[in-house]
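Subject: Handover of a structure

Dear colleague,

Please find the structure below, followed by an account of what was found in it. I would be grateful if you would read the two side by side.

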Number of protein chains: 2
Amino acid sequence: MDPNQPSIPANSDIGTQRDTHKDFKEHSVAEFFKKNKHMLGFSGKTRSLTTIIHEYVTNSLDACDEHGILPNIKVEIIEIGEEKYRIVVSDNGPGMPKNIIGKALGKMLAGTKFHRYMQQRGQQGIGATGCTMYAQITTGQPFHVLSAHNGKMLSCDIKVNLKTNEPDMVIIGEQEASYHGLTVEAEFGDVKFDKSSYGVLEYLKKTAIANPHAQIELVAPGNEYYKFSRSIEIAPKKPKEVKPHPLGISVYDLQAMAHSSKEPKLSGFLVDSFSRFSPQKISELKEIIDVDFSKSPKELSWEDSEKLVKAIQKLKWIAPPLDSVIPIGKDQIEKSMKNILDPEFINVVERDIKIYSGGIPFAVEVGIGFGGKINEQKGEIYRYANRTPLMFDASGCAIANAIKEIEWKRYNIDMETDPAVIFVNISSVHIPYVGAGKQAISDIEEVQQEIKNAIMEAARGIKISLGRKRKVGDMEKKKTALLRYISRLSEDLANLAETGSKDDIQKKLTKIIETKYMTNMVGEEEAKPESSGAGEGEENGGEKEE
Amino acid sequence: MDPNQPSIPANSDIGTQRDTHKDFKEHSVAEFFKKNKHMLGFSGKTRSLTTIIHEYVTNSLDACDEHGILPNIKVEIIEIGEEKYRIVVSDNGPGMPKNIIGKALGKMLAGTKFHRYMQQRGQQGIGATGCTMYAQITTGQPFHVLSAHNGKMLSCDIKVNLKTNEPDMVIIGEQEASYHGLTVEAEFGDVKFDKSSYGVLEYLKKTAIANPHAQIELVAPGNEYYKFSRSIEIAPKKPKEVKPHPLGISVYDLQAMAHSSKEPKLSGFLVDSFSRFSPQKISELKEIIDVDFSKSPKELSWEDSEKLVKAIQKLKWIAPPLDSVIPIGKDQIEKSMKNILDPEFINVVERDIKIYSGGIPFAVEVGIGFGGKINEQKGEIYRYANRTPLMFDASGCAIANAIKEIEWKRYNIDMETDPAVIFVNISSVHIPYVGAGKQAISDIEEVQQEIKNAIMEAARGIKISLGRKRKVGDMEKKKTALLRYISRLSEDLANLAETGSKDDIQKKLTKIIETKYMTNMVGEEEAKPESSGAGEGEENGGEKEE
């Protein structure tokens, strides 16, 4: 297009000539999120309080897990006015060093999580600072922190400067310490504690279920005390930082990574930066594209980056290393569902690691609890991502979608009326959340289908348990009915036969009936192949429900 | 709490001592939105293209309206590869000066819209730069701009430095120009042009309906040409920047505004910064709180700010000035629905300005089109905020909620099967959007109820038109049936009476029947009070459906 010829002629009258551009201003990301605080989960008073607790508990769990510490977390919520609370969250984690504590809690988009390719609960480096902001805009108070780290205990106050997104930190004291841990303490307005299904208590209960290695205590307003004890004494595997898989890379990211690489050659950069990128793969690429692999990666052009990405799609690759994904584990989920929900039946399914969007590994675990102490909860869904409960925005979530798609009557479960809890956890370095609120999983097809398969597998196990229970019930009824006739029948038989006593006959008949129903039950059950596995190992390969 | 006593004792074993904090980094808001691009509307190829066109067209319309220019906007979409398009959007707006063009299109959270209290389509200062980012991450290409402003034509290339959120701008040429306008041109990958209801053509059609003062042209791939002509020649009232109303202020914002005020006294600051804050109001406040109004506003404490906000709620206030709200107008909507949709019936309702959240004025307009050239669209909803079509996320939107709540059968409209379009526009300085994607209106009660009332008012008018039409149809049928007998009857009468000719009798009978049905129709219609207004003026005061 010719710069001298804009395709539309100008108007003759430009109206008032007030230069509106003098109002041009720059804003900080902190101002943005103050204006859009609902994007961080600050919408509604109950939800806002849950968001606050969620951010701190999540950070504590991440810090403990990364250091192999069994977490002890204590949450205190003290009412100090109308819809005003003081919140104190303490952990036994590693604490934070002086040089980063201000930025970690008083600057948005700063932290260790945004850029590392590692499975953690937090991902964005916004949440904790969002809470600092919320405290100061609702009560004007700074955020108080006690950090015991590396032999030192630091006490300080932190605010976010919303205009600049920089922390204002005031150090109150510093001294030797022989322990470690972090305590955050702040006052919040425009929040409300209640025991609804969106509230803090429910959030912590759900967190405890997915984190059986953690001990979580809550002191609720009115000094009500709750404790979720550890049900296993083993810390989860430490999350590992992994290199991205070649199949998941975009043209832009490949070029950007190349331009900031220190490797002298493009080939070295590729082998060094990605998992599964061997010199053998470089040779294979050389055969199909004319890119100079001995050039500096800093010179990688858009065109060459595009060629590389296209060629990469054509090669065969080993799947990404799976040890970046850390599921909770079948036994752990079983123990903690037993511990906290105590249902009559539990069936937990831990599926193989799968891949989405070409290169991102993820794993789905499903536990279904049925009956027993579960009675108020009718077909309730506990959604989790990396062990963190997703409490809001269920309607747009792949987990909710998957559950909706299942024909539950095939599993003899009525989601409207039966006492059932469906626990679903997805683990991945990169959880595909729908928004910054991190409350729903995107409906990426591979992910949603895998969730569905996992739930169906777990449901089959419950179906078998339910079937067995119902059969036992039926047998019991028949036996009872038959036994009702025995006394009369034995007497009549004794009279008719004129030999033997009524008691003898009755004993014999009873034994016959009892043996028959005993044998039949065991026999019928064992004859069925279904009953062997309760869903294990029979659905690999992604069987789909019609 | 005692800093020496963290409430949880430390673990004896802190695990590996690797200091994870060395990975602590800061990130730019541009990196954040690159990672979370779905938050800006970049999710799905069709939607991404619509988002791009939306951002440019919106900016053009805002710029033209602010300068009183009747907008001419031309959108060209040229296919240049697989899911790759060159997009050119040109307008006859004021153009942009050299000193801000880089930041406006190459830096996020920079612009004139974020902080001004003024009704505009854009609000956040992210959208256009989001497009620049999307161009460069999908094609590696910079964004090309031609800006004719104030007698100069500037040609330049712009990129966002994602690491720093700073613009990289390369000036290509600069020369005299006797016209004004802005042309943006860029190449995008990972987008798709189609004619679905989420596509660009539908978006522009809907934009044209709500902007009858704009001419919008589209050159679609394959050189298909579409033109939406202006249906009115008057530019809308220019948006006015207004001061916030005292009832809408938070404790934090009041303190922050006070601290950056240059007024010597708190009283002066209040009168100067808010609408409706007279010296009389200061006297009233003095009577109920002990705040020193002669102090510098820079010294306003949180406690005093809190006292002020509470006291403000207790006073009586005149409503905020309503001239900040600029609805489209009844005639304008009628003309443009006629022009573009051409239904058989139209009923447009322009409601009085209302207030939400204590101090924010807003106005709702509703147009219902029924029948005529609308035949494919069954009960379709056209949602708008400040004349901008909302294309996505309908399910969470107050407009969709309001429509769902209405008992449509009361209006003889079947939303499943009838050819009807419900047009709803909400105008406000501050549209309460659900997210940064700006595609849904929050379900704030006052807003949703007002939308519902407006739709019901419009639906009543359509009900009357439909009733009249159906009655006319019924009458026609009866008349035709009677007229079928006249010829035979006239002949028989002539024979029986033995006087008069058949023709005479037939003429007289025909006249009687026609007069009867004519009179009846008019008479019955006029006798009904309902028919006078077609919904105007009868529902002020927020009548609720029950």
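Strand β5 (residues 143–149) of chain A runs antiparallel to strand β8 (residues 181–189) of chain A, and five bridges join the two. Strands here are DSSP runs of E with at least two residues, helices are runs of H or I with at least four residues, and both are numbered from the N terminus. Two strands count as paired if DSSP finds at least two bridges between them. Within this pair, A:His144 stands opposite A:Glu185 of β8(A).

This is a predicted model, in which local features need pLDDT of at least 70 and side-chain atom pairs count only at pLDDT 80 or more, while totals for chains, interfaces and linings use all residues. Residues are numbered from 1 along each chain as its sequence is written, and chains are lettered from A and ligands numbered from 1 in the order in which they are written.

Both strands belong to an open sheet of eight strands with mixed pairing, in the order β7-β6-β5-β8-β3-β2-β9-β10 (chain A). At its edges lie β7 (166–176) and β10 (224–228) of chain A, each of which pairs on one side only. Helix α4 (residues 127–139) of chain A packs on the sheet and touches β3 (84–91), β5, β6 (152–161) and β8 of chain A; contact requires C-beta atoms, placed from the backbone, within 7 Å. The direction of α4 makes about 35° with that of β8(A), where axes are lines fitted to C-alpha atoms, for helices over the stretch in contact, and angles run from 0 to 180 degrees between N-to-C directions. Helix α5 (residues 200–210) of chain A also packs on the sheet, touching β2 (72–81), β9 (215–220) and β10 of chain A, and its direction makes about 170° with that of β9(A).

How many residues of strand β16 (residues 420–428) of chain A are buried? Nine of the nine are, so the strand is largely enclosed by the rest of the structure. A residue is buried if 20 or more other C-beta atoms, placed from the backbone, lie within 10 Å of its own. Both faces of β16(A) are covered, with A:Ile422 and A:Val424 among the buried residues on one side and A:Phe423 and A:Asn425 among those on the other.

Strand β13 (residues 360–370) of chain A runs antiparallel to β16(A), with nine bridges, and A:Phe370 stands opposite A:Ala420. Strand β14 (residues 380–385) of chain A pairs with β16(A) in the parallel sense over six bridges; there, A:Arg383 has A:Val424 as its bridge partner.

Yours sincerely

Technical notes. Two residues are in contact if their C-beta atoms, placed from the backbone, lie within 7 Å. A residue is buried if 20 or more other C-beta atoms lie within 10 Å of its own, exposed if 12 or fewer, and partly exposed in between; C-beta atoms are placed from the backbone.
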